[in-house]
Amino acid sequence: MHQADLAIYAAERRGIHDARRHDPGVVEESLQPARNRQLPAIFLRKGADMDVRNGMGLRPLGTSAAEFEQDLLSNLYYRRGTTVESASTQDAYETLALTVRDRLAERRVRTAAAQYAANPRWVYYLSAEYLLGKQLEQNMLYSGTDRIARIALRQLGLDPDEVTALDLEPGLGNGGLGRLAACLLDAMATLDIPAVGYGIRYDFGIFKQDFQDGRQIERPDDWAFQGNPWEFPAPDDQQTVFFYGHTEKDAAGRTLWIPGEVVFAEPSHMLVPGHGTDTVNIVRLWRARGSHSSFDLSRFSAGQYAEAVDEAVHAENISKVLYPDDSTESGRELRLKQQYFLVSSSLRDIIRRFRLRNSDWTDFPKKTVIQLNDTHPTLAIPELMRLLVDEEGLSWDLAWAITKQTFAYTCHTLLPEALETWPVHMFERLLPRHIEIVYAINEIFLTEVRNRFPADLDRVRRMSIIQEEPERRVRMANLAVVGTQAVNGVAELHSRLLADITLRDFAELWPEKFHNVTNGISPRRFVKMANPALSDLITEGLGGDAWITDLDRLAGLEPLAEDASFRLRWREVKQANKVRLGLGDPASLTDVMIKRFHEYKRQQLKLLHIITQYHRIKQNPGQTFVPRTVLFAGKAAPAYHAAKHIIRLINAVAATIDADPAVSPYLKVVFPANYNVTLSSLIIPAADLSEQISLAGKEASGTGNMKLALNGALTVGTLDGANIEIRDRVGADNFFLFGLDTPAALELRNGGTYSPRAYYEQDGELRRALDAILDGKFAGVGREVADSLLGWDEYLTLADYRTYVDAQDDVDAAWQDTESWTRRSILNTARSGFFSADRTVRDYASEIWHVTPVKVTR
Ligand code: 26W
C-alpha cells in the first residue's frame, strides 16, 4: 500500500480507534467485509425440520451410474464449456472432480447448517503444514461414487485410470507433522466433531525431488498450475493482515498499531469429508494478495513494469512457497511473516464465526479451542491478546484469562535445533505490537515463577520467554507453554522426555498441563485406499467392514493367524502389492525405510548393514542368502548437506550392487525419487520389514511405523517414539528390537566417553564397511559420511551397529519360516488398531478439547 494510502489508512485507524474508545460497537467496516452478515434463515431452523434439499428446493443428486453420467455431461457442458467429442483428459478430470465434489458439497451444506444451529464448541487446528494427499480417490470413496463414476466414464468412452491419473497431490507439508494434521482432520470429520483446519495455500509446495548422478536435486512444485478443482475460493471472507510500522498510545492509554505494510489474506477451502457419516468439515487455506492499490498504474504506463507490480509481488511472496526444512529453523523473516499471516487471518475468521452466534467474550473459550500444531502458529497467543485488548477493548486480565483457556499446544520434536526462537530485533521490526505483548506476558509469568521458586534465578533465566544470552531471542516453545491450557507430546516416551527434560521446569510448575496423546493414522487413507486387496481380505475375515471406522475390531483377525489358508491369502495379497509396486524381485524380502532424511533417523545405519551384507555375499560365493530388496524413499532439506551426502552414497552403493552379478541375485537397493503421500500408499502395502531405527530419544513418535505395522510389515526398531507402544501391543515376539534405549544413549552421548573409533577398531565387519566407503569403493563417494561417523557420530550409529546387524540376521532367519512370518504379520495388523487417528482424536477430545460431536441429519 502506497505511503499515501498508508497515511490515509493510519488516520482511518486512529479515527476508528477514537470512535471505538467512545463506542466499542464500532467496527472497521471498511476493512472487514461481510462482518456480522445475517445468517440465512435456513441456518436458524432447528433439528428435524432441517431438510436442506427440499428446504433449498434442489433435486437430490443421483446415486445411479446413469444419473452420475448425466451430471458429468452437464458439468462438461456448463462448467467446462466443452463437449465429450472435444473434451481433453484434463476436461474430463476436472468434470469428474466437480461431479464428485458436488455430492460432498451437498453434505457440506447440511453440515454447516447443523453445526451453526448447534452453536457448538469448535476445534480449530492451526498448522503451517498439511499433507492432504490426492483428493479424487478419497472423495469418490467417501461419497460412495467410485463404482458409478468408473461406469459413467466408460459410458462416455473415457478411460477411468487415464482420467484419475491427472489428480494432483497438494504437497503443502514436509513430513510427519503435515501428514498427521491431515489424518487428524479426517478423523475429526469421521467422528462428527465441529472443526476447521487453518493453513497456508502455498503456490509452491514441497519441492519435487529428482536425482542427477545420485545427487538430490530440487525442482519447484507448481502443484496447482492447472488449477485445483477441490478448492472453493471465498474472496468475500478476505481478511487484512498488518506488518511493520509502529505503535502509539491514545489519550486513554490504549495502544494503536500503525502498520507499515498491509496485506490481504484470501481464503479458499477444501472439503474434509468424514467416512460413514454425512459430516463434511473444511480446511481453510490463506493466500496472500496485495491490496487493491498494489498495482501502480502510473509506473506501468511509465514503462516501469516490474516496479508497477513490485508491491503486489512483495505481498504475494508471503504464501509463495513452503519452507522445506523439517528440523532446523530457517530464521528467515519471511518464515515469521508466514506464521503471523496464518494466525492473524485465521483468528479474525474464528472471531467472525464466533460472533455469528455469540456476543459475550467470556463465552469465547467455551465455544473455541485452538490447537497449535507445534510452535509454528504460536504467534496466535499474542495476536488474540492484541485483538481482544486493542481492537475489542477488553481488559488485559480478562483477555489473558480468555487466551490461556482457548489455546493448546502439541510439540512434535525433541531436537533442540527444531525448537524455534526468533531474534527480538526481528520481532520489533515486523511485529512491534506483539513484542510489547510478549514482554507483558513474560512479566506476569516470571512473577509467578519467582513466587513459586524464590531466589532460583537460573530457573527464571531458563523459563523466560525471552532468551537474553548470547542474543535476545523469543523462545516460541516457552511462549506456547505459558499461553496454553494444555501441552502434549505425541508418544508416551516423547511426552515423558518433554516433562522430564526439555520442558522440565514448566512441568514442575504446571504438572496438570502436561499430557500425552499418541499419534495415529487414517485407516481410510493408509489401509482402505492404499491396500484395497488387504482391506477386502480383512472385511471377509471379520465378516464386515465396520473396522474402517472402528479399528480395534482388527483384533478379530488374531484367530485367523492360526489358519493356514487365511495365511496363504494374506501372503498372496502382499505378493500382489509387491508386483503392483514393481520395484525389485517380489519374491525377495522387501525391507523398507521411508521417511525424511535426517541423521537422527539413521539411514546411514541401514547403509552400513547393506554394505556388510554386500561383503558377506561377496566373501561367501557358495552360500545362499535371503534375497532382499532394500527400498529407501524420502527427501532431505535442500540445505542439509550431511543428509544429501547420505542420499548420494545410497545411490552409489545401489549402482555398485546392481552391477555386481555375484551380489545382485541376493541384494538390491532401490530409491524411487520424490517420496510423497501417493508414493507412500504404493510402497507401504508391499513392505515386509519396516525400518524404525532412530537413536532412542530422538524420534518424537513416527507415523510411518504405524502405517507399516497396520499393513502387515514386521518392525526392526529401537525403543524410540511410538515404536515402544507398537512393540507393547503387537508383542515382543513380533518385533525385532535392537540398540541402546534412551537412558543408555543419553549416558553414552553425554558421558563424554563415547569413541566411535573404538567400535571401528573392535568390530571387523564394521571396519570393512567403513573402509570400503573410505577407499572409494562406491564410485568414490561417501567420504563425508564415513568421516562424520568416525568423528563425532552425533547419533551413536556405530554404537548400535552390532546389535542392529544381529537383529537383521534374526530377520533373515525368521523370514525363512514363511508360515511363522505370515502369522506374525497378521498379528501386527490385528494388534495395531490402537494406532487409528480416530483413537487419537478421541483422546484429544476427552483430555484436551472437551468437545461433543454434532450429528448431521439427512
Ligand atoms: C523450524 C523447522 C521445523 C519444521 C517442522 C521444525 C520441526 C518441524 C516438525 C515438527 C518436524 C516433524 O514433522 N516432526 C515429526 O512429527 C511427527 C508427527 O507428530 C512425528 O511422528 C515425528 O516423530 C516427528 O519427527
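This is a predicted model: local features need pLDDT of at least 70, side-chain atom pairs count only at pLDDT 80 or more; totals for chains, interfaces and linings use all residues.
**Stop 1: K707**

K707 sits in helix 28. Is K707 buried or exposed? Its relative accessible area is 9%, and K707 is buried because the cut-off is under 20%. Now show its surroundings. Leaving out residues up to four places away in sequence, K707 touches R179, I521, F526 and I684.

**Stop 2: E699**

Step back along the chain to E699. This residue lies in the loop between strand 23 (689–692) and helix 28 (704–710). E699 is buried too, with a relative accessible area of 12%. Select its contacts next: Y600, K601, S694, D720 and G721, again not counting residues up to four places away in sequence.

**Stop 3: helix 20**

Select residues 492–502, which form helix 20. Colour its buried residues: L493, H494, S495, L497 and L498. Which elements do the buried residues of helix 20 pack against? Two are strands: strand 18 (486–489) and strand 19 (514–516). The others are helix 21 (504–509), helix 29 (723–730) and helix 30 (742–750).

**Stop 4: the nonpolar cores**

Nonpolar side chains tend to be buried together in soluble globular proteins. The largest nonpolar core here has 190 residues. Select M188, F427 and W849, which touch the most other members. Then centre on W849. Beyond its neighbours within four places in sequence, W849 is in contact with R121, V123, M188, V369, Q371, V841 and Y844.

**Stop 5: S345**

Go to helix 12 (residues 333–357) and pick S345. With 0% relative accessibility, S345 is buried. Where does its side chain find a polar partner? Draw a distance to the backbone oxygen of F341: a polar atom of the S345 side chain lies 2.6 Å away. Residues three or four places apart in an α-helix point the same way, because there are 3.6 residues a turn. Excluding residues up to four places away in sequence, they are Q239, V241, A265 and W286.

**Stop 6: salt bridges**

Side chains of opposite charge can pair when their charged atoms come close. How many salt bridges does a search of the whole structure find? The count is 66.

- Select D102 and R79. Their closest N and O atoms are 2.7 Å apart. D102 is in helix 5 (residues 89–118), while R79 is in the loop between helix 4 (65–78) and helix 5, and the two are 23 residues apart. D102 is buried at 18% relative accessible area, whereas R79 is partly exposed at 39%.
- Select R569 and E540. Their side chains meet in a salt bridge at 2.6 Å, N to O. R569 belongs to helix 24 (residues 564–581) and E540 to helix 23 (residues 532–542), so this pair ties together parts 29 residues apart in sequence. R569 is partly exposed, with 35% relative accessibility. E540 is partly exposed as well, at 49%.
- Select E765 and R802. Here the closest N and O atoms are 3.0 Å apart. The pair ties together parts 37 residues apart in sequence, because E765 lies in helix 32 (residues 764–774) and R802 in helix 34 (residues 797–815). E765 counts as buried at 18% relative accessibility, and R802 as partly exposed at 27%.
- Select D456, R459, R462, R504, D505 and E508 together. A network of salt bridges links them.

**Stop 7**

Finish on an open sheet of three strands, with the order 15-17-16 and antiparallel pairing. Its edge strands are strand 15 (421–423) and strand 16 (466–467), each pairing on one side only. Zoom in on strand 16 and strand 17 (residues 473–475). These strands run antiparallel, and two bridges join them. Which residue of strand 17 is the bridge partner of I466? Select V474 to see that partner.

Notes. Residues are numbered from 1 along each chain as its sequence is written. Side-chain values use heavy atoms; hydrogens and water are left out. Helices (H or I, at least four residues) and strands (E, at least two) are DSSP runs, numbered from the N terminus. Buried means under 20% relative accessible area, exposed over 50%, partly exposed in between (1.4 Å probe, protein chains only). Contact means heavy atoms within 4.5 Å. A nonpolar core is a set of buried Ala, Val, Leu, Ile, Met, Phe, Trp, Tyr and Cys residues joined through side-chain atoms within 4.5 Å. A polar contact is a pair of N or O atoms within 3.5 Å; within protein, one must be able to donate a hydrogen and the other to accept it, and residues adjacent in sequence count only if both atoms are side-chain atoms. A salt bridge is a side-chain nitrogen of Lys or Arg within 4 Å of a carboxyl oxygen of Asp or Glu. Two strands pair if DSSP finds at least two bridges between them.
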